[in-house]
Amino acid sequence: MTEESGAMQQNSLPMTGAEARGRPLTWRFKAGYGAGALADGIVAAGFGFFLLFFLTAVCGMSGTTAGLAKMIALLVDGVADPAIGLASDRLRSRFGRRLPFMVLGLLPFAVAFGLLFAMPEALTGAAQFIYATVCLVVLRVSLSGFVLPYTAVGAEVTDDYRERASVVAYRLSFQNAGILIGVVLGLGLFLSGPTGMLERANYTPFGWTCALVMFLAGMIAIRAVYSVQPRLHEPEISHEPMGSGFLREMKEMSRNRSFMLLFATVLLYFLAYSTHTSLALHASRYFWGLDTTAIQLILLSACLGPVLGAPLSGFALRFIEKRTLSLFAYFAIAFLLFWPPLFQIFGPVRLTPEAASIVLLVNGLLLGTAIMAGGIGFQSMMADTADEHEYLFGVRREGLFFSGLTLAYKAASGVGGLIAGVALDAIHFPSDLAARGPDVVIPADVLNKLALASGPLPALIAFAAPLFLFGYRLTRKRHAEIIVALEARKAGQA
């Protein structure tokens, strides 16, 4: 018997699911569950920081073609996400409704990640584009099969308002740790050195090492989810066909005002974030003139956000609403993306690479803190909205809800990656830098345009994202009333 399930028995009588969800979660479960986000974080690092640079500067693809491959994969996956989410809400099996999807999705996405960064050098043109696109589609769809049910577990494993924020904090902390691992394995180990980022052979061991770490982390999370099966909600019995049920529930989601506001917020935020991160390596190396060590430290500074963001969020949520925390955080993100490139281009002094690295290090730490705080507030609001949806429509749809979250993320990331790729071509930034050598000279006006595309442009989009949250009305008090009403409804049906 597992630790969690054993704790759910008293006087040899098993608790109901509602009683179990009312008990505090152990730190051991939270840590084991959070480990699953390491895999998501490593993929985020690979996609966000390395992929566009690898495909363009190392493999020689044009920015538009590389961005198009990313967008196709993310849009295909975005279409698949709601179906995966609904299926994981409805599945009835001896292992619950979430675990089978996690098990089936883990190995394919790890293998696809390794294959992507081991792209054969003999491939060129259309063959290169097809190889990259197929790897990306397999990776994204199988990753959704793991991540969507995994994330839904965090929303349904407890009914407590603040405990949910704690679960999200663990998950986002491990996700940031995964980004940190990806950056360290990349810039600190396999791609280190003056020309390490431009040497194609370095990316193969990087990809497969990341794949191994992701697989091991996923196995730890699978074990943790298995341990809390008695806490999780049972799927309702439905004889409605999957297709018609899917359409009906998508309509129900569109009628949930809270969900639609959150969806619009995350759509714009991830559009900004993906545009910025896709160009981060280009801007760091060529606009700011930083070496690999400095770039690594700056990227790692953003990954240290949980060190400040998690405790600050926990403290703040004792006094303010989750919406208020997210508003402050998202406006701060927009400002921190906006100002450094503008200061370097139009400011009274031009920072040397050494001075710039210090400024960007501090800015990155503040950015990571804001991202962490915004994520904790936002994702726990999404979990609360799933309770509101059950109150309004009589069914729990954590999987479908979080598929909406990832749909927004992937659609925005696909478009953001395409924007970044098109921007590189539009400003005539050179591709195939590996073939040209490390001493290639890039005109100053091209570098300034690169900086504007990587900072102020996504900052303007990020500023618009939290404006939707002013219409969000699900407060702590209202959520508590909904939980009481749901328990009374279930007691009356028993």
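**Helix packing and aromatic pairs in a predicted model**

Helix α11 (residues 257-278) and helix α20 (residues 456-464) pack at an angle of about 165 degrees, and their axes lie 8 Å apart. α11 is therefore roughly antiparallel to α20. Angles over 145 degrees count as roughly antiparallel, under 35 as roughly parallel, 65 to 115 as roughly perpendicular and the rest as oblique. Axes are lines fitted to C-alpha atoms, for helices over the stretch in contact, with angles from 0 to 180 degrees between N-to-C directions. Helices (H or I, at least four residues) and strands (E, at least two) are DSSP runs, numbered from the N terminus.

This is a predicted model: local features need pLDDT of at least 70, side-chain atom pairs count only at pLDDT 80 or more, and totals for chains, interfaces and linings use all residues. Residues are numbered from 1 along each chain as its sequence is written, and side-chain values use heavy atoms, without hydrogens and water.

The α11 and α20 crossing is left-handed. That term applies if the near helix is turned anticlockwise from the far one by less than a right angle; clockwise makes it right-handed. On the α11 side, Leu268, Leu271, Ala272, Thr275 and His276 take part. They meet Pro458, Ile461, Ala462 and Ala464 of α20. Contact means heavy atoms within 4.5 Å.

Now turn to α5 (residues 63-90) and α7. Their axes come within 8 Å and cross at roughly 30 degrees. The two helices are therefore roughly parallel to each other. α5 passes α7 in a right-handed crossing.

Phenylalanine 146 is buried at 0% relative accessibility, and tyrosine 150 is buried at 2%. Buried means under 20% relative accessible area, exposed over 50%, and partly exposed in between (1.4 Å probe, protein chains only).

Across the whole structure, a search finds 20 aromatic pairs. Rings of Phe, Tyr and Trp (its six-membered ring) pair if their centres lie within 6.5 Å; planes under 30 degrees apart count as stacked, over 60 as edge-to-face and the rest as tilted. Phenylalanine 54 and tyrosine 203 form a tilted pair, 4.7 Å centre to centre with 40 degrees between the planes. This pair links distant parts of the chain, 149 residues apart. Phenylalanine 54 sits in helix α4 (residues 36-58), and tyrosine 203 in helix α9 (residues 203-227). Phenylalanine 54 is buried, at 0% relative accessibility. Tyrosine 203 is buried too, with a relative accessible area of 0%. The pair of phenylalanine 146 and tyrosine 150 is stacked: 5.7 Å centre to centre, 15 degrees between the planes.

Ring pairs also build a cluster. It links Phe50, Phe54, Phe113, Phe117, Tyr203 and Phe206.

Two single residues complete the tour. Threonine 385 is in helix α16 (residues 353-393). Threonine 385 is buried, at 0% relative accessibility. Leaving aside neighbours within four places in sequence, its contacts are Asn256, Ser258, Phe259, Leu262, Phe401, Tyr472 and Leu474.

Aspartate 432 lies in the loop between α17 (398-426) and α18 (433-436). At 28% relative accessibility, aspartate 432 is partly exposed. Aspartate 432 and cysteine 59 are 373 residues apart in sequence and 6.6 Å apart in space, C-alpha to C-alpha. Beyond neighbours within four places in sequence, aspartate 432 contacts Thr56, Ala57, Val58 and Gly60.
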